[in-house]
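Please read these notes with the model open beside you.

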Amino acid sequence: MESLIRTMDDSLAEVLRDESRNSGRAESVSFPRSEEEVLKVLAYCRSRGISITVQGARTGLAAAAVPYGGHVLNCSKMNQVIGCRQDEHGRFILTCQPGVILSELKKAIDSKSFDMSLWSDESKACFEKVRKAERQFFPPDPTEASATIGGMAACNASGARTFAYKSMRAHVDRVRMVLTTGKVVDVRRGQATAQGRSLELSLLPEGLLQLDLPTYQMPLTKNAAGYYVEDDMDAVDLLVGSDGTLGVMTEIDCILVPHPTFIWGVSCFFPREQEAVEFVIAARAQVADLVALESFDGNALQLLREQRLMSSAFSRLPQVPEDYGYCIYAELHGSEEGCMLEALKKLGDLTESVGGDRKHTWVARNEADLALLQFFRHAVPESTNLLIDRRKQVCPVITKLSTDMSVPDDKLREVVAMYRRGLAEVGLESAAWGHIGNNHIHVNLLPRDEDEFVRGKALYQRWAEAVVAMGGAVAAEHGIGKTKVAMLKSMYGEKHIQEMRAVKVAFDPLQLLGQGNLFPVEGGEQQ
Amino acid sequence: MRIAVCVKQVPSSNEVRMDPVTNTIIRDGKQSVINPYDRFALELALQIKERLGGSVVVVSMGIPATARILKEALSCGADEAVLLSDRAFAGADTLATSYTLHLGIRKIEQRLGKFDLVLCGRMAIDGDTAQIGPELAEQLGIPHITDMEELLEISQEQLVCCRLADGERQRVAVQLPVLLTVNKDINQPRLPNIEGVLWAETAPLHLWNAIDVQANLKRCGLTGSPTQVVRTQVPQRDQECKILLGSVSEQLKVLQHLLKGED
């Protein structure tokens with residue numbers, strides 16, 4: 001046990017932080033390599049009443065992996081794909097340990113090459129079918145490709161392609177989860193469904209978990225706020241997106257889909273935000289084969305222009321002309337080149353119909369060019385992180401304030417106008433980008449000092465309340481974690497928070513897991 | 001300024017996998033692309049055209065599907081494209097390829113007039129010979145400069161450029177016409193725009209066979225290739241990676257055994 005549970009020391013300090021730029025504290029750390037070791041760690045913590053924070057690659061943006069004391073259970077060493085099967089629909093499904101890194105999984109799927117030394121004969125036989133089948137892919141595409149599958153399942157991650165392919169939840173067929181009680185939940189999609197809002201889950205080696213699910217109605221938008229609940233729901237959907245509060249996932253079955261024959265990316269530039277918003281509204285109604293609609297506002301483009309000149313790492317970014325004021329990235333997937341050209345023509349026509357110019361576009365139709373546009377997309381958050389890191393050196397209190405809220409389709413114009421009005425009133429520097437196709441824009445407030453930071457936080461909370469009033473979600477893809485606990489309460493109210501807590505207590509009676517995630521604890525909320 | 005740019009279709013990935021049985025590339029549904037070096041040559045041609053006026057013609061030899069990468073070049077701003085495609089051209093080495101390309105260029109010149117510049121990428125990433133440019137220049141009877149990495153001056157009559165020579169930069173002035181082979185990263189190749197992509201679908205793309213270019217079949221394809229590929233094989237890697245598990249002392253024990261050659 002001593003080699004499994006390590007006392008916290010300086011060499012392990014990185015487990016105290018995550019990509020949200022928050023940091024916490026812990027007394028011990030473990031890096032289990034198997035479910036058996038996870039069970040040992042949980043038993044050790046249970047017997048001593050030690051709280052546990054589960055981690056993947058710590059790429060989350062809501063501080064869910066930042067520990068509030070106790071023990072850190074880091075899943076990064078459980079990083080193998082351990083099996084393959086084909087379901088009754090003919091889909092190929094890979095069983096992943098939680099620490100499998102998304103980029104490595106994608107690479108292995110693309111090259112059809114896995115370490116199968118520990119696979120069963122059935123899995124190996126199934127993988128022979130994968131080898132002979134058409135090219136496959138795993139659609140979830142969060143910006144941070146170094147995320148782990150466990151982390152993605154925990155926060156129900158999504159990305160640009162969520163517009164068409166939906167979030168991580170839709171691509172998980174089975175979850176195996178170890179509970180702090182020492183029991184195991186192992187559930188495949190379709191095996192356990194709720195009756196209305198009552199759900200029974202079988203436990204291994206024996207036992208039954210009887211749950212009264214929360215009674216709230218989730219917003220009809222992209223949503224990663226709180227537990228997923230709806231009438232007659234599938235149990236898998238509850239486990240995915242549970243933010244590290246119910247158990248430790250040890251196996252996640254990921255569903256593959258055939259790779260599209262054609263993937264084309266198009267960046268369309270507009271003079272102003274208004275034209276871009278009108279383009280988005282028209283495109284999502286009229287263009288077939290659209291799988292992503294992403295936005296970059298003028299400030300984000302200006303950050304890229306500056307970063308391109310400042311850093312050699314960004315020098316291969318395409319140059320954005322000064323008169324390009326707003327960018328929409330659209331991605332098309334299809335199987336017929338003629339249809340792809342039709343869709344491209346439609347995008348060109350719509351660009352011009354709102355006042356843009358179809359010459360002011362970039363089209364990527366091969367992997368190298370698509371990778372360039374992806375680099376462009378990923379360079380924006382990188383640039384703001386670098387900016388905030390520089391400012392944090394001068395004023396350690398501040399951190400990036402990045403919104404993660406979505407609203408229904410018919411509220412897009414309204415929410416964009418609200419963001420602009422708020423920014424103008426408060427006078428904060430900002431850069432906005434994100435998944436505008438899902439009415440889900442990350443407005444990044446970039447404070448220079450503590451005063452601006454405080455004003456930014458207040459503005460964010462105000463926006464959250466307005467978004468809830470519009471029927472939106474306060475966390476659309478990053479999860480609630482520790483940073484948006486107060487907003488979750490704004491969204492659902494105390495009664496429903498307590499209903500959620502009752503679910504947590506059923507899974508984790510001592511409430512050891514993910515302290516500070518979803519539910520408030522003494523000591524306050526992270527920023 | 002009349003500019004010809006030679007382009008080649010190559011596999012899209014740097015991580016090419018070979019079928020160990022057939023020793024051929026596993027394409028696995030992945031599309032081919034313009035050889036990356038040739039994209040720098042194309043971009044240079046387009047920039048010169050924008051500065052001095054004129055036209056850019058892209059030329060390739062390959063299977064009919066190569067038309068797709070020629071459309072890609074047209075969508076970026078080339079004015080027309082020529083694809084030399086015939087079973088008689090198959091299996092060509094660099095000599096036979098450069099002969100065929102030169103016939104295509106000569107045929108275009110009959111209509112447009114002599115080219116002032118012929119641009120090639122330094123080499124193709126699948127063959128790595130870097131021979132096509134110099135051999136083509138010889139076939140065309142014009143001077144050539146290899147490994148060009150910066151264009152300093154250009155007019156309708158001459159150009160001055162820097163080339164990489166044995167680790168040093170060499171400044172060269174030359175009268176046109178000339179053939180240049182272009183190094184990587186000399187510019188940032190542009191992405192096409194929607195207008196360009198749609199235009200390329202109906203843009204002039206000439207498909208010429210051996211008869212069209214009046215080729216001497218003895219100098220084409222496998223017949224015209226003094227280089228004969230006897231066999232290809234996938235390099236066998238005998239490196240093995242072992243991950244040691246357990247505590248540090250357990251790992252050290254295993255490592256000791258391994259270093260002593262005990263398994």
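How many bridges join strand S7 of chain B to S10(B)?

1. Three bridges join S7(B) (residues 144-154) to S10(B), and the two strands run parallel. Strands are DSSP runs of E, at least two residues long, and helices are runs of H or I, at least four, both numbered from the N terminus. Two strands pair if DSSP finds at least two bridges between them. In this pairing, B:Met148 stands opposite B:Val182 of S10(B).

2. This is a predicted model: local features need pLDDT of at least 70, side-chain atom pairs count only at pLDDT 80 or more, and totals for chains, interfaces and linings use all residues. Residues are numbered from 1 along each chain as its sequence is written, while chains are lettered from A and ligands numbered from 1 in the order written.

3. S10(B) also pairs with strand S6 (residues 117-121) of chain B, in the parallel sense, over five bridges. Here B:Val118 has B:Leu179 as its bridge partner.

4. Five of the five residues of S10(B) (residues 178-182) are buried, that is, 20 or more other C-beta atoms, placed from the backbone, lie within 10 Å of their own. B:Val178, B:Leu180 and B:Val182 point one way, and B:Leu179 and B:Thr181 the other. In a regular strand the side chains alternate between the two faces of the sheet.

5. In chain A, helices H8 (residues 298-310) and H10 (residues 367-394) have axes, lines fitted to C-alpha atoms over the stretch in contact, that come within 9 Å and cross at roughly 80 degrees. H8(A) and H10(A) are therefore roughly perpendicular (65 to 115 degrees).

Methods:
Axes are lines fitted to C-alpha atoms, for helices over the stretch in contact, and angles run from 0 to 180 degrees between N-to-C directions. Angles under 35 degrees count as roughly parallel, over 145 as roughly antiparallel, 65 to 115 as roughly perpendicular and the rest as oblique. A residue is buried if 20 or more other C-beta atoms lie within 10 Å of its own, exposed if 12 or fewer, and partly exposed in between; C-beta atoms are placed from the backbone.
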